[in-house]
Amino acid sequence: MKKMLVVYYSWSNGNTKRIAEQLTNGTGADIARIETTEPYSGSHEDVVEQGKREVEAGFMPQILSLIHISEP
């Protein structure tokens, strides 16, 4: 049997995290959160602007190794 994994990134751990958790609850999938090695800081607007600049420049921030949690 194949096992699913829901992988998500959320700067604030708000709506995206809740949706990822709902997906795991509804499907029985495992879950993993992407985390950058250098956390973003500042206001929401600051982080959005930084993200836009990074996307336009093709920058890909370093991320920590994924650790996923198995659902029972």
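Trainee: What share of the 72 residues is buried?
Mentor: Buried residues come to 19% of the chain. Keep in mind that this is a predicted model.
Trainee: OK. How many helices and strands does the chain have?
Mentor: Two helices and three strands. Along the sequence they run β-α-β-α-β.
Trainee: And is the chain compact or spread out?
Mentor: More spread out than a compact globule, because its radius of gyration is 14 Å, well over the 11 Å that the globule rule gives for 72 residues.
Trainee: What box do the C-alpha atoms fill?
Mentor: Roughly 40 × 20 × 20 Å, along the principal axes.
Trainee: Back to the inside. Which residues make up the largest nonpolar core?
Mentor: Five residues: Val6, Tyr8, Ala20, Ala29 and Ile31.
Trainee: Take Val6. What does Val6 touch, leaving out residues up to four places away in sequence?
Mentor: Val6 touches Ala20, Leu23, Thr24, Ala29, Asp30, Ile31 and Ala32.
Trainee: What about contacts across the chain? Of those between residues at least 6 apart in sequence, how many join residues at least 24 apart?
Mentor: 68% of them.
Trainee: Last one, charges. How many are positive and how many negative?
Mentor: The chain has 7 positive and 10 negative charges. Their mean positions lie 7 Å apart.

How values were computed:
Residues are numbered from 1 along each chain as its sequence is written. This is a predicted model: local features need pLDDT of at least 70, side-chain atom pairs count only at pLDDT 80 or more; totals for chains, interfaces and linings use all residues. Side-chain values use heavy atoms; hydrogens and water are left out. Helices (H or I, at least four residues) and strands (E, at least two) are DSSP runs, numbered from the N terminus. The radius of gyration is taken over C-alpha atoms; the globule rule is 2.2 Å times the number of residues to the power 0.38. Buried means under 20% relative accessible area, exposed over 50%, partly exposed in between (1.4 Å probe, protein chains only). Contact means heavy atoms within 4.5 Å. Lys and Arg count as positive and Asp and Glu as negative; His and the chain ends are not counted. The place of a charge is taken as NZ of Lys, CZ of Arg, CG of Asp or CD of Glu. A nonpolar core is a set of buried Ala, Val, Leu, Ile, Met, Phe, Trp, Tyr and Cys residues joined through side-chain atoms within 4.5 Å.
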